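Student: Pick one part of this model and take me through it closely, please. I'd like to hear how it sits against its surroundings.

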Amino acid sequence: MHFRKHSLSLTPLWVVALFVFIATISCRQEPKSSVSTATEAPALQPPSFQMDSAFTYVEKQVSFGPRVPGSPAHEACLEWIVNKLSGFGLQVEKQTFSATIYTGQTVTGTNIITRINPDQNKRILLGAHWDSRFIAEQDADATTQKEPILGADDGGSGVGVLMEIARQLAQSSIPLGVDIIFFDVEDQGERSGANDSWCLGAQYWSREPHVAGYQAKYGILLDMVGAHDAQFPVEDLTNIPGYTNQVASRVSATYLKVWRLAQQMGKGNLFVNRSVGGGIDDHYFVSTIRGLPMIDIINKPMNSPTSFGAHWHTHQDKMDVIDRRTLRSVGQVLLAVLFREAAGNF
Ligand SMILES: [Zn+2]
């Protein structure tokens with residue numbers, strides 16, 4: 001933007017006039033040559049990610065209340081997500097499963113899956129969890145620690161960004177297969193308990209994918225991608241059990257590519273040059289059970305005692321923490337990744 005303004009001010013007027021003349025001619029000619037490469041090229045330009053749209057999708061989820069599996073709010077949100085995606089013209093599958101959480105309670109979970117361009121062989125998987133936590137064990141107020149959280153960021157933000165991505169892709173003619181999965185029963189695990197008490201929907205899907213033998217080039221998970229001061233470090237998988245060397249190196253290569261692109265796009269404040277130990281989130285099970293390398297875009301601020309944002313698993317995780325510019329940055333990076341993949345230059 002700055003460069004363009006600067007160069008224009010130094011350009012003689014006749015050059016500007018000639019440019020406008022040529023541009024006018026090409027505009028007039030465009031409708032005649034609908035099959036020329038000139039009209040194909042824009043298909044590989046990422047559409048513009050609408051942050052207000054993504055923000056509204058987060059707001060809508062939060063408006064149902066905490067989306068704890070088994071609750072009416074969870075059911076209502078499920079119906080809304082499915083109807084919304086269908087309304088974009090996408091096919092939606094509901095993968096239901098029975099899940100026993102560590103408290104002993106058994107619930108019905110639903111992974112929501114949409115396949116964009118199902119006939120394309122080259123595929124990228126995008127994911128986020130759509131349930132919200134049933135307790136607020138990190139809250140400073142002990143009297144409300146047993147109450148479920150609204151999860152605007154923890155759950156809501158990732159789904160909001162991916163709903164907007166889905167809307168944009170449905171309107172585009174991107175020559176790339178994209179699968180979007182909203183995992184259920186991610187956040188009902190035991191703090192300091194077994195790793196596999198978390199991410200029950202992702203564990204189920206990794207063993208029973210919606211397409212037999214499903215694979216993708218790689219996956220990208222979004223979790224807590226809406227806070228105004230978010231920082232997304234990359235994972236160092238050294239000494240993290242469960243990863244094969246091959247999957248670990250593909251995960252690392254994907255982090256490198258995505259972070260480099262994000263930084264080239266001026267998003268280095270969010271996509272920071274810092275690494276943290278690999279975490280347990282839906283991507284861990286997709287990578288280790290399914291063998292599909294998946295990275296995690298997750299807010300882990302520097303020097304945080306819990307390693308997550310201050311609102312994590314507290315009642316502060318509500319709309320106030322969501323900054324639509326963070327949603328936009330994440331959405332823009334994802335769209336840039338997908339359109340580069342589609343063009344074969346990523
Ligand atoms: Zn959580």
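**A close look at helix 8**

Tutor: The buried residues of helix 8 pack against strand 5 (218–223), strand 6 (232–236), strand 7 (271–277), helix 9 (282–290), strand 8 (294–298) and helix 10. Keep in mind that this is a predicted model.

Let's start with the helix itself. Helix 8 covers residues 245–264, and at 1.5 Å a residue its 20 residues should span 28 Å; the end C-alpha atoms are 28 Å apart, so the two agree. Its buried residues are Val247, Ala248, Arg250, Val251, Tyr255, Val258, Trp259 and Ala262. Look down the helix axis and these buried residues fall within an arc of 165 degrees, so they line one face of helix 8. The general rule behind such a pattern is that an α-helix has 3.6 residues a turn, so residues three or four places apart point the same way. Just past the end of helix 8, Gly266 takes a positive phi of about 85 degrees.

Now for the sheet. Helix 8 lies across strand 5 and strand 8, at about 45 degrees to strand 8. Both strands belong to an open, mixed sheet of six, ordered 1-2-4-3-5-8. Strand 8 is an edge strand there, as is strand 1 (92–100), each pairing on one side only.

Key:
Residues are numbered from 1 along each chain as its sequence is written. This is a predicted model: local features need pLDDT of at least 70, side-chain atom pairs count only at pLDDT 80 or more; totals for chains, interfaces and linings use all residues. Helices (H or I, at least four residues) and strands (E, at least two) are DSSP runs, numbered from the N terminus. The expected span of a helix is 1.5 Å times one less than its number of residues. A residue is buried if 20 or more other C-beta atoms lie within 10 Å of its own, exposed if 12 or fewer, and partly exposed in between; C-beta atoms are placed from the backbone. The arc is that of the directions from the helix axis to the C-beta atoms. Two residues are in contact if their C-beta atoms, placed from the backbone, lie within 7 Å. Two strands pair if DSSP finds at least two bridges between them. Axes are lines fitted to C-alpha atoms, for helices over the stretch in contact, and angles run from 0 to 180 degrees between N-to-C directions.
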